[in-house]
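Subject: Structure handover

Hello,

Please find the structure below, followed by notes on what was found in it. The notes can be read alongside the model.

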Amino acid sequence: MKDVSLFIPCTVDLFLPRIGEATVSLLRRVGVNPIYHEEQTCCGQPAINAGYQKEARKVAKHFISVFGEDEIVVSPSGSCVCTVKYHYPELLADEPRWLSRAEELASRVYELSQYLVDVLKVEDVGASFNGKVTYHESCHILRGLGVSAQPKKLIGAAKGAQLIPLNGADSCCGFGGEFANNFPDISESMLKDKVENFLASGADVLLLCEPGCLLNIGGYLHRNHPGKRIMHLASFLAYNGRENDYGN
Amino acid sequence: MEIKTDQFTELAKKELKDERTRIFLKSMPPVLTEKREIGLASLPDIPAAMAYGAAIRAEAIARLPELLEEFEKNALANGAKVFWARDDKEANEFIKNLAIERGVKYVTKGKSMVTEEMALNELLSENGIEAWETDLGEFIAQQLHRPPFHIVGPAINVPVEEIRDIFMEKANMKEPTLDPVQLGLAARLFLRDKFHHVEMGITGVNVAVAETGTIINVENEGNIRFTKSSPRTQVSVMSLEKVVPTMKDALHLIRLLCRNCTGQRLSAYVSMDSGPKKKDEIDGPEELFIIIVDNGRSKIYQDLKARDALRCIRCAACLNICPVYRQVGGYAYGWAYSGPMGQVLNPLLLGLERTQELYRATTLCGACKSVCPVGIDHPSMFLYYRAKDVLEDPDLKGKKRPWIEEKFFKMWGRAAIRPWLWDLGVCMARPVINKDASHGIISKAKGPFEGWFRTRDLPAMTGNTFHERWKKIKKA
């Protein structure tokens, strides 16, 4: 069995560990062997976003040392993949030896749905779900990685699942890390639009591939629309949409 | 115009509560984004056309000093007079003195962002020279004393009733009406009279062509052409980054500008001036002054990363698609330039210290970057400004971050490269974060994280992280 290195974002590790478990079970199901480096911590995205490049640079080097030898690295988060793929080479631009390692690693890091569909050429992972679902196009997945068709193919192949359109699917949900907390008025207004569109879609479940958006939209649904379900695509596929993703 | 870039949050809050702004923002920006897509669809290869636009602007910026000299040489050869203004004061002073020397009582103006940046109208009016904005939207905004809500449609949000009232009061409109055609006619009649007697016209410049010394304006109302052709004296003000090498480059930029701006293949009017009226010509201004305004740009130019901001051609595609602009509109940004292009430009023109919230009030969603026809990477610029704050960069006037934030990221950085310390940190943080958790959910928090919990819950930090679960998972 082929080894694949798991890159578990700290949000998943600390707040949504079941998404990590779902990722493992999904990968095993399609015949690859997930391995996990216990030395991994955080990719550094919060520091880069806050402008702390010196600290982020050190963390990037740690990440490269931990994952640098892996043939394939897979993560259930698009924004963390973007950090490694695009921001590491920028951060290390002045250190040629690290830069070449960062660039090499960048080409081997994949977001989960991208890995399944583009690399493994798998669409049907044997999932089934009796109901309507809709898909939120997270910014870093869609515009950062250009991934949009892949998750939809995986959903489309789940038996019984009916993928219905979501109005404004590609508009930001208002997360943006520290933005959600520091600009709550604007963030909430964006989030309400997103949730209204979800409610109006008539779908039973909102699916996405980004833990950050899940915390944001899920946090709002849990507070204001407790019956409404949101799920990471990995959990949806691994558990046939049965387990609720919000909480741990 | 009063600069309020340091009041972003308050101004945004006000707009978020304004019912009319809400209704307007729900409909108009998405319609403009859709129009853009339809406009672009008339190009045979959209990504190629955008890449070409980016390449033109990248080259123009890389060769800026040389191109400006070439432009000046050719403009002078065409008979234009060129004035280099180091800053807004020099530009304003020159134009004011020119108006006084020529003895003009008023000027007509074509829509121009750089003269908003310079606050030219205010200075002219302080010196007894009335400046009449002749773009319909700009005219309305001027009469209402409002800043621009949108860089292309400054009064796009003003309800028609308000336009009726202000036209009755200030534009000699005889009968009250809500008919847009009649309102337009009233403004035209009023302004036509101004055009008839105007002795000096002031416009901006969309593109300046180095190889021919030509300045180009695009517009839909014909008011810029009037402003350029009616008076004896024409003054065209350009910020110094407007220049491109060739006419071919300029034409491609116009193709992109019109499509990205209003979805048109070409605006109703495109006017090109290569010098004032020649001897054998029957009309046109007798003298043409081109004011090239620096106002901080050559300093921006010295910063290889920041200079990318100078590529902007003011199409406003980034405003229309921006999820934050779509919530708060243009007033919140507190100055002439709004939306993502304002968030990129204002910090450079005004300094980071005065614009703190502008480059933080973004989710880094990248919608702006995805539509930019000249290849500006807005999110990357925002991160650059934030990093300059952390370094307290003197050139960009970076502002020191709160000590608690600095301390946090230092500690975080130390732990994130030492797995044992990271694990220890997780164990220590857990009870603090979960202090108010109940049934695995946190619903409230005091202090720095209140913002999140106003309308959102958060799962409690797990007692059993993925990391801790791994040993079991591995064996399963």
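**Chain B and its contacts**

In chain B, 71% of the contacts with a separation of 6 or more are between residues 24 or more positions apart; two residues are in contact if their C-beta atoms, placed from the backbone, lie within 7 Å. This is a predicted model, in which local features need pLDDT of at least 70 and side-chain atom pairs count only at pLDDT 80 or more, while totals for chains, interfaces and linings use all residues. Residues are numbered from 1 along each chain as its sequence is written, and chains are lettered from A and ligands numbered from 1 in the order in which they are written.

Chain B has 22 helices and 12 strands. Helices (H or I, at least four residues) and strands (E, at least two) are DSSP runs, numbered from the N terminus. Taken along the principal axes, the box filled by the C-alpha atoms of chain B is roughly 90 × 55 × 45 Å. Of the 476 residues in chain B, 48% are buried. A residue is buried if 20 or more other C-beta atoms lie within 10 Å of its own, exposed if 12 or fewer, and partly exposed in between, with C-beta atoms placed from the backbone.

The contact between the chains takes 56 residues from chain A and 51 residues from chain B. On the chain B side there are 28 nonpolar, 14 polar and 9 charged residues. Here Ala, Val, Leu, Ile, Met, Phe, Trp, Tyr, Cys and Pro count as nonpolar, Asp, Glu, Lys and Arg as charged, and the others, Gly among them, as polar.

**The core**

In soluble globular proteins, nonpolar side chains tend to be buried together. The largest nonpolar core holds 216 residues; such a core is a set of buried Ala, Val, Leu, Ile, Met, Phe, Trp, Tyr and Cys residues joined through C-beta atoms within 7 Å. The members that touch the most others are A:Leu207, A:Ile217, B:Ile291, B:Val293, B:Ala309 and B:Cys318. Helix α18 (residues 378–390) of chain B gives the most to this core, 7 residues.

**Helix pairs**

Two packed helices are described by the angle between their axes and the distance between the axes. Axes are lines fitted to C-alpha atoms, for helices over the stretch in contact, and angles run from 0 to 180 degrees between N-to-C directions.

In chain A, helix α4 (residues 53–67) and helix α6 (residues 96–106) pack at about 60°, with axes 10 Å apart. α4(A) and α6(A) are therefore oblique to each other; angles under 35 degrees count as roughly parallel, over 145 as roughly antiparallel, 65 to 115 as roughly perpendicular and the rest as oblique. Their contact involves A:Ala60, A:Lys61, A:Ile64 and A:Phe67 from α4(A), and A:Trp98, A:Arg101, A:Ala102 and A:Leu105 from α6(A). By class, these are 6 nonpolar, no polar and 2 charged residues.

Also in chain A, helix α11 (residues 184–201) packs against helix α12 (residues 211–224) at about 75°, with axes 10 Å apart. The pair α11(A) and α12(A) is therefore roughly perpendicular. A:Leu191, A:Lys194 and A:Val195 of α11(A) meet A:Asn216, A:Ile217, A:Tyr220 and A:Leu221 of α12(A). This contact has 5 nonpolar, 1 polar and 1 charged residues.

In chain B, helix α9 (residues 160–170) and helix α10 (residues 180–197) pack at an angle of about 30°, with axes 11 Å apart. B:Val160, B:Ile163, B:Arg164 and B:Phe167 in α9(B) meet B:Pro180, B:Leu183, B:Ala186 and B:Ala187 in α10(B).

**Single residues**

B:Gln327 lies in helix α15 (residues 325–328) of chain B and counts as buried, with 26 C-beta neighbours inside 10 Å. Apart from neighbours within four places in sequence, B:Gln327 is in contact with A:Ile186, A:Ser189, A:Met190, B:Leu16 and B:Leu25.

A:Lys121 is not a glycine but has a positive phi of about 60°. A:Lys121 sits in the loop between α7 (112–119) and β5 (128–135) of chain A and is exposed, with 7 other C-beta atoms within 10 Å.
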